[in-house]
Amino acid sequence: MEVIQQIKNGIKLAVCSSGGGHAGGSLSVSDILASLYGTVMKYDSSNPEWEGRDRLILSKGHSGIALYAALAASGFIPFEELASFGAAGSRLMNHPDAHLVPGVEMCTGSLGHGLSLAVGMALAGQMKGQEYFTYCILGDSECCEGSVWEAAMYAFQKKLKRLVVIIDQNGIGCDGPLEKMVQMEPFDSKWSSFGFKVEETNGHDADEMNQLFLRLREERNGPYAVIAHTIKGHGLKREIEGTGASHYISGTSEALNEMFAF
């Protein structure tokens, strides 16, 4: 719970300090990141390049604020640095840069590419006989990209047992409800038809996610697709939470602070 609150507070600090940011998707994925960094993944914040570390790719890179907050809560970067998000000269840009920020595995932001890189990382580990897990977080709207499914086919072909794809299914894209743009359901059947073992979870229940992710680590029989049911803008005021208006919020520091319910 402490890690969850640190991440949420970090997102709030970054957004309010910069005058805006992608709060909706960052808050919907925040509890997932808290589970992974707080309980599940193996890493060493004092040695970000440790060969035995688990890899995490945030393919939905516009939610990079949440990743920065998770890295701060885990000791990779100072928590106070989150206040520099988006400022001139800051290494905490709108989309994560792996060349600047320790703990960031890949430069992301162009949607649909993260899973391909995650598959490559998982394949490399498998070929070398290494035991690290590779986690890739996708947005549900991002799954409209064809490259996602090309990578999924290859992951099954190579039987990537330590690959876990997590879909942040908040149901809302930048233009509003996803169902009005493209029909993704039955979503679980789509992933299973591509050879993935599909699990579903409450993306805001840390205990439930911890148990699930730890069980998958014991099984080591992927590739897995975990559909995490989330709320876009989880933690914003009720009139904004769960709406397209939460996708990107902006304003004065005072006005933004008032948008958060915590």
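**Pockets, a cavity and some ring contacts**

Some ground rules. This is a predicted model, where local features need pLDDT of at least 70, side-chain atom pairs count only at pLDDT 80 or more, and totals for chains, interfaces and linings use all residues. Residues are numbered from 1 along each chain as its sequence is written, and side-chain values use heavy atoms, with hydrogens and water left out.

On a 1 Å grid over the protein atoms alone, a pocket is an open set of points with protein on both sides within 12 Å along at least five of seven lines, a cavity is a set where a 1.4 Å probe fits but cannot get out, and lining residues have an atom within 4 Å of a point. Points are joined across faces, edges and corners, and a volume is the space filled by probe spheres set on them.

The largest pocket holds about 300 Å³. It has 21 lining residues, and L111, S141, E142, G173 and C174 lie nearest its centre.

The second largest pocket comes to about 220 Å³. Its lining has 7 charged residues, 3 nonpolar and 1 polar. Lining residues include K42, D54, E131, R162, R217, E218 and R220, along with W50, Y132 and F133.

How many cavities of 30 Å³ or more are there? The count is 1, and the largest cavity has a volume of about 100 Å³. It is lined by 13 residues, with Y43, D54, F76, G103 and E105 closest to its centre. By class, that lining has 7 nonpolar, 5 charged and 1 polar.

Now the rings. There are 9 aromatic pairs, meaning rings of Phe, Tyr and Trp (its six-membered ring) with centres within 6.5 Å; planes under 30 degrees apart are stacked, over 60 edge-to-face, and the rest tilted. W149 and F194 have ring centres 4.9 Å apart and planes at 45°, so this pair is tilted. W149 sits in helix α5 (residues 146-157) and F194 in the loop between α6 (187-193) and β7 (197-202), 45 residues apart. Helices (H or I, at least four residues) and strands (E, at least two) are DSSP runs, numbered from the N terminus.

Are these two residues buried or exposed? W149 is buried at 13% relative accessible area, while F194 is partly exposed at 24%. Buried is under 20%, exposed over 50%, and partly exposed in between, with a 1.4 Å probe and protein chains only. Ring pairs also join W149, W191, F194 and F196 into a cluster.

Two charges sit over rings, by the rule that NZ of Lys or CZ of Arg is within 6 Å of the ring centre and within 35 degrees of the ring normal. R55 is over the face of Y132, 3.8 Å from the ring centre. K159 is over the face of F156, at 4.2 Å.

Lastly, two single residues. Q169 belongs to strand β4 (residues 163-169) and counts as buried at 14% relative accessibility. Beyond neighbours within four places in sequence, Q169 touches D140, E185, F187, I227, A228, H229 and T230, contact being heavy atoms within 4.5 Å. H234, in the loop between β8 (224-229) and β9 (249-250), is partly exposed at 22%.

Key: Nonpolar A, V, L, I, M, F, W, Y, C, P; charged D, E, K, R; others polar.
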